[in-house]
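Morning, everyone. Please have the sequence and the model open while I talk.

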Amino acid sequence: MAFDQPETPIQLVKSSKFCTLVLQQNPGPADVDQVVTEIQKLTPDSGPLFIQMQHLIKMEPATQDKLRAVIEDVQKRGIQTSLILIPEPINPILTQAPFSGMRQYQALRQALIDTKIIQPKSLDVDFINPFIFATVKVLKVQAMTDAKPGAPTLRKSEEPLYGDVTGIIGLTSESFSGQIMIQFPSQTYLNIMSKMLGEPFTELTQDIIDGAGELTNMIFGQAKVNLNEKGYGIKTAIPSVVSGKNHNIKSSVETTNVFIPFSSDSGPMAIEVRWTP
Amino acid sequence: MFNPSTPVLVVDDMMTMRKLVSKICKEIGFTTISEAADGALAWTAIQNANPPIGLVISDWNMPNATGIDLVKRIRADSRFNGIPFLMVTAEAEQHQVVEALKAGVDNYVVKPFSAPVLKEKLEAIYNKRLAK
C-alpha cells in the first residue's frame, strides 16, 4: 500500500486490491483532467475505488462537476466506490511523513474492513494483543504467577462472567467505549493474593477483594500505553470490583465481547475485553 | 539509603496496594510505616505526624485528592516541602511521567513493579536529595 502524501492536488494511488483517489489542496478542473485517463482504465477487477478527502476541502463548481462525472462513470462500470473523510482541517505537519502515513492508514483500514477487503479480525488482534501481553506481565511481576493465554472466543453478554471475582475498568476514547475485565475463580484469586502479599489467604475478604481492581488497573495501564501509541486515544479510568457466584455485568448497548482464558500456576483465570464502536 | 527509622507514609485507595507497598518497605528495612487511603487523608496525616513523615510513597489516581494534588500541597508548604515523594502508579505514558515530575515528585515507579525496582528508586531519591 502506498501511504505517502501525494504532491499534486489530486492523485490516484493504486495497490493490488484497491485504488485510492486522494484529493487535497483544493483541486481545480485541470487537476481532475490529469487523472481521468488513469481512472477510466479501472475495471471491477481493480477492486473498489476509495476517494479520500478532508471534509472541509473547497472545490469550484466546475471541478465538482468534472469529478462527479468521473465518479459516476466509475460507478456505472460496476466499480464499488467509498468515501474516506478526514474529519478536521489538517495541521500542515500532519501532511508530512511520518504523520501522513499514520493518518491515512487509520481511515483507510476502516474502509478496507467495511468493503470486506480485509477482515475485522486483524483490527481485533491489534486491539486485543496488548491486553494479553499486559496480563502476562502484570501477573508475573506483581503476583509471581506464570500465565499462559488460551484461544480467544467471542462471548455473549447474557452469559455469566467466568469465576467469582471480576476486576473491571472502562475503556473510553473518542471513537469507542467498552470495558476490560479480569475474571478469577476464588481459589485462583486467593493463590494470587497470597503470592502477591506474601501471606496465606483462605477466604475472600474485604481486605483483599480490591486487589482484582488493582490488577485490572495495571493491565489497563500497560495496554493503554501500547494502544495510545497506535492512536486509539484511550483515557484514564478508575477500576472497580464485582464478586459472587454467577455474577454478570450488563451493558445498555450491544458490545463485542472477546474472552481470553488463561492457565497459570495459580490456577485458571480469564480476561474479557468488551467494546462498542 | 534512607535510615530504617525514617517514618514512611504509604498512600493508596486500594487496600491491597497499601499492603503490598508496606510489605516491600518492611522488606527493604523500614520500621515506621503508616498508611492513608487518599491524598486528603495523607495531607492530614502529614500535618499531624510526630515524628514528622520522612518519605511519601503515593498512588496517582485516588478519590478526594490525587497523588498529584498531594505532592503539590506538600511542595507549596514550607513546613513539608523537603519531604521526598515517590509516585507509584499504573499511569505509564510519557506525558504523565512528565506531569508528575513537573508537579514535584522525586521519582516515579510504574506498576507492576518488584521490590528491587522500588528499592532502586528510593536509593536514587536518597542519593539525589539527602546524601551528604
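One thing first. This is a predicted model.

Start with the chains. Chain A has 277 residues, and 31% of them are buried. Its secondary structure is seven helices and eleven strands. Take the contacts in chain A between residues at least 6 apart in sequence: 70% of those join residues at least 24 apart.

Chain B has 132 residues, with 43% buried. It has five helices and five strands. Reading from the N terminus, the elements go β-α-β-α-β-α-β-α-β-α. For contacts in chain B with a separation of 6 or more, residues 24 or more positions apart account for 61%.

Now the sheet in chain B. In what order do the five strands lie? The order is β2-β1-β3-β4-β5, the sheet is open, and the pairing is parallel. β2 and β5 (107-110) of chain B are the edge strands, each pairing on one side only. On average, neighbouring strands are turned by 20° against each other, direction ignored.

Look at the pairings inside it. β1(B) and β3(B) run parallel and are joined by four bridges. There, B:Val11 sits opposite B:Ser58 in β3(B). α3(B) packs on this sheet and touches β1, β3 and β4 (85-89) of chain B. The direction of α3(B) makes about 175° with that of β4(B).

β3(B) also pairs with β4(B), again in the parallel sense, over three bridges. B:Ile57 is opposite B:Leu86 in β4(B).

Stay on β4(B). Why do we call it largely enclosed by the rest of the structure? Because five of its five residues are buried. Both faces are covered. B:Phe85, B:Met87 and B:Thr89 are buried on one side, B:Leu86 and B:Val88 on the other.

Next, helix α2 of chain B, residues 39-48. Its buried residues include B:Gly39, B:Ala42, B:Trp43 and B:Ile46. They span an arc of only 100° around the axis, so they lie on the same side of α2(B). Turn to the face away from that buried side: there you find the exposed residues B:Thr44 and B:Asn48. What covers the buried residues? The cover includes β1 (8-11), β2 (33-36), β3 (55-58) and α3 (67-76) of chain B.

B:Leu9 shows part of this at residue level. Setting aside neighbours within four places in sequence, B:Leu9 is in contact with B:Ser34, B:Ala36, B:Ala42, B:Ala45, B:Ile46, B:Ile53 and B:Val56.

On to the contact between the chains. Chain A puts in 23 residues, and chain B puts in 16 residues. On the chain A side, α4 (120-143), α5 (186-197), α6 (206-209) and α7 (211-229) each supply at least two residues. Which element gives the most to that side? α7(A) does, with ten residues. By class, the chain A side has ten nonpolar, nine polar and four charged residues.

One helix pair is worth a look here. α5(A) and helix α1 of chain B, residues 15-28, have axes that come within 9 Å and cross at roughly 35°. From α5(A), A:Met193, A:Met196 and A:Leu197 meet B:Thr16, B:Lys19, B:Leu20 and B:Lys23 of α1(B). That contact has four nonpolar, one polar and two charged residues.

In soluble globular proteins, nonpolar side chains tend to be buried together. Here, the largest nonpolar core has 72 residues. A second, separate core has 13 residues, among them A:Leu21, A:Leu23, A:Val74 and A:Ile84.

Last, one residue in chain A: A:Asp33, in helix α1, residues 29-40. Buried or exposed? A:Asp33 counts as exposed, because it has 12 C-beta neighbours inside 10 Å. The C-alpha atoms of A:Asp33 and A:Thr63 are separated by 9.6 Å, with the two residues 30 apart along the chain.

That's the tour.

Notes
Residues are numbered from 1 along each chain as its sequence is written. Chains are lettered from A and ligands numbered from 1 in the order in which they are written. This is a predicted model: local features need pLDDT of at least 70, side-chain atom pairs count only at pLDDT 80 or more; totals for chains, interfaces and linings use all residues. A residue is buried if 20 or more other C-beta atoms lie within 10 Å of its own, exposed if 12 or fewer, and partly exposed in between; C-beta atoms are placed from the backbone. The arc is that of the directions from the helix axis to the C-beta atoms. Two residues are in contact if their C-beta atoms, placed from the backbone, lie within 7 Å. Ala, Val, Leu, Ile, Met, Phe, Trp, Tyr, Cys and Pro count as nonpolar, Asp, Glu, Lys and Arg as charged, and the others, Gly among them, as polar. A nonpolar core is a set of buried Ala, Val, Leu, Ile, Met, Phe, Trp, Tyr and Cys residues joined through C-beta atoms within 7 Å. Two strands pair if DSSP finds at least two bridges between them. Axes are lines fitted to C-alpha atoms, for helices over the stretch in contact, and angles run from 0 to 180 degrees between N-to-C directions.
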